[in-house]
Amino acid sequence: MDDLLTRLRAGLPAEALLTDPDVTASYARDMASFCAAGTPAVVVLPRTVEQVQHVMRTATELRVPVVPQGARTGLSGGANASEGCIVLSLVKMDRILEINPVDRIAVVEPGVVNAVLSRAVAEHGLYYPPDPSSWETCTIGGNIGTASGGLCCVKYGVTAEYVLGLDVVLADGRLLTTGRRTAKGVAGYDLTRLFVGSEGSLGIVVGAVLALRPQPPAQLALAAEFPSAAAACEAVCAIMERGHTPSLLELMDRTTVQAVNRLAHMGLPDTTEALLLCAFDTLDPAADLAAVGELCTAAGATEVVPAADTAESELLLQARRLSLTALETIKTATMIDDVCVPRTKLAAMLDGTSAIAEKYDLTIGVCVHAGDGNTHPVVCFDHADEDESRRARESFDEIMALGLALGGTITGEHGVGVLKKEWLARELGPVGLELQRGIKHTFDPLGLLNPGKLF
């Protein structure tokens, strides 16, 4: 320990090192339940690429594991500390280095907060679409680490589609630059995409070139109430089949709607079994909403309420944004699943989740990025109740098994981390797992980068 601190201090300013056990303990974990976390030996908060390189060279020389972190808003334990590790928190590397309206790119450091970047590029008439629910606090580096998504994915896609190039410090301290600044480029293997979603297991992202889009028009939304989740899912399939491209298409089940009602007194009917929210940012959103409203009615919607303007749209969408906060008030703890299935299987996923909740005598609310099939079943339980905690964990696993059985994936945007690594092996299969472990060994032969995650 003394040797580690001595070597780190040789290349870092005093303020970049945190050693007080009470302080370092606060960096031990992200927001996931049921994920083990160790005690960090030290927390380092670098401000430069050179400082990150010094940390990695020191870690390699002394064979000390390194756990990279952003804002720790993750939900899979991917940022949890390993015992005796260096926690490498990148939140101080928070500069927007360039915004280029002609090339439509931004060059940023990993600690830039998503919402800060979004507002900065908006001043240039540009748009950075990825918008995780924690966008006011989560960082671009963390978004890249988990390949995160958000409410806009149905039209604009996920983080991976906006990362053009990266600067990455490798396990031995070398600096690798991948990708490009150009609109096109196919030179060599796509190492950029390999790092996106790798959860800090292949290298430390210290810079990113991000693609931007022109700022779209303000969106208009509608809310449609349904007597069953199956009817709402039928409407989702009809909307997509008819070729509509909404900027947002979200679904909330009865449990979620009722929780939001109790929290925010939004006046949603207690008889609503599913609430579908749809928005368009087209040149004529009212016409698009009218067409979608007809499809909802044909699918069995009991009421369709289009917004008259952007202010009313924001009121409608507030219900979805409050979903997780509202569900967290039901019990003392939550487990948030992240299973993505084909749109055609959404009804089966929701019905199956409801059956799992009944089987385990638990409250499980589901909110869904319906446009891309990404479901978020939220298991509510009392963490002080040992039996209920056990049932919560078992139900969580059954939900993932259901998703795989329906042709889906165990994670659409939250990542694997500690929470789902057993399930990753099941999804990949033995050949896929062997190849992925081989890639990990190529980049990190000593196994120092975020050990115990993914595999």
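The lining of the second largest pocket has 12 nonpolar, 9 polar and 5 charged residues. This is a predicted model. The pocket holds about 530 Å³ of space, and 26 residues line it.

**Second largest pocket**
- Val196, Gly197, Ser198, Gln436 and Leu454 are the lining residues that lie nearest the centre of the second largest pocket.
- Two elements give two or more residues to this lining: helix H7 (191-195) and helix H15 (421-443).
- H15 gives the most, with 6 residues.

**Cysteines**
- The count of disulfides is 0.
- Cys138 is in no disulfide, and the nearest cysteine sulfur, in Cys152, is 12 Å away.
- Cys138 is buried, with a relative accessible area of 4%.
- The sulfur of Cys233 has its closest cysteine sulfur in Cys237, at 7.0 Å. A disulfide needs the two sulfur atoms within 2.5 Å, so the Cys233 sulfur is too far from that of Cys237 for a bond.
- Cys233 is also buried, at a relative accessible area of 2%.

**Nonpolar cores**
- The largest nonpolar core has 55 residues.
- Within this core, Phe226, Leu251, Leu276, Cys296 and Ala370 touch the most other members.
- Another core, of 32 residues, lies apart from the largest one. Among its members are Ala106, Leu202, Ala208 and Leu212.

**Domain record**
- UniProt, in an unreviewed entry, lists residues 36-215 as "domain: FAD-binding PCMH-type".
- In the model, residues 36-215 are 22% helix and 24% strand.
- The end C-alpha atoms of this stretch are 42 Å apart.

**Positive phi angles**
- Arg63 is not a glycine, yet its phi is positive, near 60 degrees.
- Arg63 sits in the loop between helix H3 (49-62) and strand E3 (66-69).
- Asn450, another residue that is not a glycine, has a positive phi of about 45 degrees.
- Asn450 lies in the segment after H15, the helix that gives the most residues to the lining of the second largest pocket.
- Asn450 is buried, with a relative accessible area of 1%.

Terms used:
Residues numbered from 1 in each chain as written. Predicted model: local features only at pLDDT ≥ 70, side-chain atom pairs only at ≥ 80, totals over all residues. Heavy atoms only, no water. 1 Å grid on protein atoms, 1.4 Å probe; cavity = no way out; pocket = protein on both sides within 12 Å on 5 of 7 lines; lining within 4 Å. Points joined across faces, edges and corners; volume = space filled by probe spheres on them. Helix = DSSP H or I, 4+ residues; strand = E, 2+ residues; numbered from the N terminus. Nonpolar A, V, L, I, M, F, W, Y, C, P; charged D, E, K, R; others polar. Buried < 20%, exposed > 50% of the residue type's maximum accessible area, 1.4 Å probe, protein only. UniProt positions renumbered as here; feature names shortened; annotations may be inferred. Core = buried A, V, L, I, M, F, W, Y, C linked by side-chain atoms within 4.5 Å.
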